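Take a look at the chain below. This report covers its charged pairs and its nonpolar cores.

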Amino acid sequence: MTEQQPVPLTKTAPAPAPGAPASAAELRASDADRDRIADILREALAEGRLDPEEHAERIDATYRAKTVGELEPLVRDLPATAAAGRAAGTPPAPGAGAGAGGRGPHGARALPATDNLVAVFGGAMRKGRWRVRRTTNVLALFGGVEIDLTEALFEQREIVINVSAVFGGVEIKVPENVTVSGGGAGVFGGFDIPGYEAPDPDAPVVVVRGFALFGGVEATRKRGKRLKNLRSY
């Protein structure tokens, strides 16, 4: 007599139908998703929630991530923010303003408020005639970044450059008639931001902050290079 096999009491989950939409975690990550996660990590570094080594590891993983699901664990143990919610797939509110790529005060399409320069085993550069964003985030990981502000267009009085240099270097050139301030930490590296107060109290202000781990960050004023219109912002 043949022995009957026991019937399983649990049901196997049905396979997803062909063409079914991917879950939020399976969605391909966009550059904007990665940038929002990077912003959260930089805030965590500034607040002391992450040390420079942890920050460097997570930043590297951020820019290597392919899906939204790979990004979420990188900020899971950090305070929830609106940026984190958008990175998880929530679209930004319409008409969020010029910083979100909305319309400027005269109806013209405004640039995003944040620029990102990433050099991983390579180089990145901003120079010549270019519009400086309110915030520029820089990552040099086994690479080099050059930012030349001597011919740039300043559309706001204060700009902030957040720098993370890990086994890499960042060089920032500024006109001689703007104010320079800021500072950061050099861990087995150098972070050289000599402060300078421009004679004109309405001159643009360049703030540089961040850290260098086995790397270097330097800001230099270029003699003879001056902004012609200090109040273009």
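Asp31 and Arg34 sit three residues apart in helix H1, so about one helical turn separates them. Helices (H or I, at least four residues) and strands (E, at least two) are DSSP runs, numbered from the N terminus. This is a predicted model, in which local features need pLDDT of at least 70 and side-chain atom pairs count only at pLDDT 80 or more, while totals for chains, interfaces and linings use all residues. Residues are numbered from 1 along each chain as its sequence is written, and side-chain values use heavy atoms, with hydrogens and water left out.

**Salt bridges**

The structure holds nine salt bridges. In a salt bridge, a side-chain nitrogen of Lys or Arg lies within 4 Å of a carboxyl oxygen of Asp or Glu. The table shows some of them.

| Pair | N to O distance |
|---|---|
| Asp31 and Arg34 | 3.1 Å |
| Arg58 and Asp77 | 2.9 Å |
| Glu155 and Arg131 | 3.0 Å |

How exposed are these residues? Buried means under 20% relative accessible area, exposed over 50%, and partly exposed in between (1.4 Å probe, protein chains only). Asp31 is exposed because its relative accessibility is 58%. Arg34 has 12%, so Arg34 counts as buried.

Arg58 and Asp77 form a salt bridge. This pair links distant parts of the chain, 19 residues apart: Arg58 is in helix H2 (residues 52-64), and Asp77 is in the loop between helix H3 (68-71) and helix H4 (82-87). Arg58 is buried at 17%, whereas Asp77 is exposed at 53%.

Glu155 is partly exposed, at 38% relative accessibility. Arg131 is partly exposed too, at 35%.

**Around Arg34**

Arg34 lies in helix H1 (residues 31-46). A polar atom of the Arg34 side chain is 3.0 Å from the backbone oxygen of Ala65. Contact means heavy atoms within 4.5 Å. Leaving aside neighbours within four places in sequence, Arg34 is in contact with Ala29, Thr62, Tyr63, Ala65, Lys66 and Leu71.

**Nonpolar cores**

A nonpolar core is a set of buried Ala, Val, Leu, Ile, Met, Phe, Trp, Tyr and Cys residues joined through side-chain atoms within 4.5 Å. The largest one has 29 residues, and Val145, Ile161 and Val206 are among those with the most contacts inside it. Several strands each supply at least two residues of this core, including E1 (114-120), E7 (158-166) and E12 (216-222). E7 gives the most, with four residues. Another core lies apart from it, with 20 residues, among them Leu74, Leu139, Leu141 and Phe211.

How values were computed: A polar contact is a pair of N or O atoms within 3.5 Å; within protein, one must be able to donate a hydrogen and the other to accept it, and residues adjacent in sequence count only if both atoms are side-chain atoms.
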